[in-house]
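Please read this briefing alongside the sequence and the 3D view.

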Amino acid sequence: MHIHVEGIEGLPIIHEGDDLPALICERTSFSEGDILCIASSVYSKAKGYTRYMSDIVPLERAIRIAGRTHEDPRFIQAVLDCSTDILLEYPFVLSEISTGHIGVRAGVDQSNIEDGMLILLPPDPMGAADEVVEAVHEITGRSIGAIITDTCGRSFRRGQTGHAVGWSGMTAIRDFRGDVDLFGRVLKITEEAVVDEIAGFANFVMGESHAGIPAVVFRNCGTWTGHDNLYFRPEEDLTRALLKKECM
Ligand code: GDP
Ligand code: MN
Ligand code: MN
């Protein structure tokens, strides 16, 4: 099994209004079934999901949290504005956004954008992935899959990795339950988060700094069956329950 991975080079600095799928299609040729990963930061810049710090007036909670975390209260206000549930305020804000994704500072970024501006996660990242799939189909006639990625921290281990925040053209999970192992035993538990695995490698190709590679194409990943319930329901999420009990 040979999987081919291509980081798309030569893309310009992206601004609101830029046609990202068109810019990507000018720089690669797609085949049926390819998977296109796009950094959420760059998708958001193209769509204008950004804010000027100078436009933000911090309210009492943001001022209080910022006093503890030693961050700009306007930045914390932007984080709170994107959050539907706060799991942790200190030593960093950990919060849920409307789609169910939980991330440090709600995924709001201050890097890879002009001074004084913030990049927000796309408010509808699943819709964003659908839109990328449709746009590439329109331009090339090819049916591909798309994953919108973000770099995220994780529990238990040092180091950030790429996660899928939106996807289209595939299921998030490859479900191994009911399959048999090499010894004929039926698997009862294993659900593989394929979109996160692919996003993780895409993130590796992108890097975090000035490589200028916000899009990565995977070829020959094959297909799988499963489901899209990537996020735990609150009642099954042990970490979330403990954090809310201990840390607020
Ligand atoms: P995030 O993981 O979605 O928050 O995005 P990052 O800020 O880590 O950037 C991921 C990749 O995209 C890195 O290689 C950046 O250098 C690149 N990148 C970010 N913004 C732009 C842009 O406007 N144009 C280009 N060409 N690359 C960008
Ligand atoms: Mn980010
Ligand atoms: Mn990143």
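The model is predicted, and local features are described only where pLDDT is at least 70. Ligand 1 has 23 residues around it, of which S41, K45, D109, M206 and S209 come nearest. The manganese ion (ligand 2) and the manganese ion (ligand 3) are 4.9 Å apart.

- Sorted by class, the shell around ligand 1 is made up of ten nonpolar, nine polar and four charged residues.

**Helix α2**

- Helix α2 is mostly covered, since seven of its eight residues are buried, namely S40, S41, V42, Y43, S44, K45 and A46.
- An α-helix has 3.6 residues a turn, so residues three or four places apart point the same way.
- After α2 comes G48, and the phi of G48 is positive, near 80°.

**The manganese ion (ligand 2)**

- The protein donors of the manganese ion (ligand 2) are D109, through OD, and D150, through OD, and they lie 2.1 to 2.2 Å from the ion.
- D109 belongs to the loop between β6 (102–104) and β7 (117–119), whereas D150 belongs to strand β8, so this pair ties together parts that are 41 residues apart in sequence.

**The manganese ion (ligand 3)**

- The manganese ion (ligand 3) has T151 (OG1) and E208 (OE) as its protein donors, lying 2.1 Å from it.
- T151 is in strand β8 and E208 is in the loop between α6 (194–206) and β12 (215–219), so the pair ties together parts that are 57 residues apart in sequence.
- T151 is partly exposed, at a relative accessible area of 26%, and E208 also counts as partly exposed, at 45% relative accessibility.

**Strands β8 and β9**

- Strands β8 and β9 run antiparallel and are joined by seven bridges, with C152 standing opposite T161 in β9.
- Strand β9, residues 161–168, is largely enclosed by the rest of the structure, because six of its eight residues are buried.

**The sheet β11-β10-β13**

- Three strands form an open sheet in the order β11-β10-β13, and their pairing is antiparallel.
- The edges of this sheet are β11 (191–193) and β13 (226–227), each with a single partner strand, so one side of each is left without a neighbour in the sheet.
- Strand β10, residues 173–175, pairs with β11 in the antiparallel sense over three bridges, and I173 stands opposite A193 in β11.
- E192 is part of strand β11, where it is buried at a relative accessible area of 18%, a value that falls under the 20% limit for buried residues.
- The side chains of E192 and R174 make a polar contact with each other, at 2.7 Å.

**Backbone features in loops**

- The peptide bond from Y90 to P91 is cis, with omega near 10°, and P91 is found in the loop between β4 (85–88) and β5 (94–96).
- R105 is a residue other than glycine whose phi is positive, near 55°; R105 lies in the loop between β6 and β7 and counts as partly exposed, at 26% relative accessibility.
- N220 is likewise not a glycine, yet its phi is positive at about 75°, and N220 lies in the loop between β12 and β13.

Technical notes:
Residues numbered from 1 in each chain as written. Chains lettered and ligands numbered in written order. Heavy atoms only, no water. Near = heavy atom within 4 Å. Nonpolar A, V, L, I, M, F, W, Y, C, P; charged D, E, K, R; others polar. Donors = N, O, S within 2.8 Å, 3.2 Å for Na, K, Ca; no water. Helix = DSSP H or I, 4+ residues; strand = E, 2+ residues; numbered from the N terminus. Buried < 20%, exposed > 50% of the residue type's maximum accessible area, 1.4 Å probe, protein only. Pairing = 2+ DSSP bridges. Polar contact = N/O pair within 3.5 Å; in protein donor to acceptor, adjacent residues only side chain to side chain.
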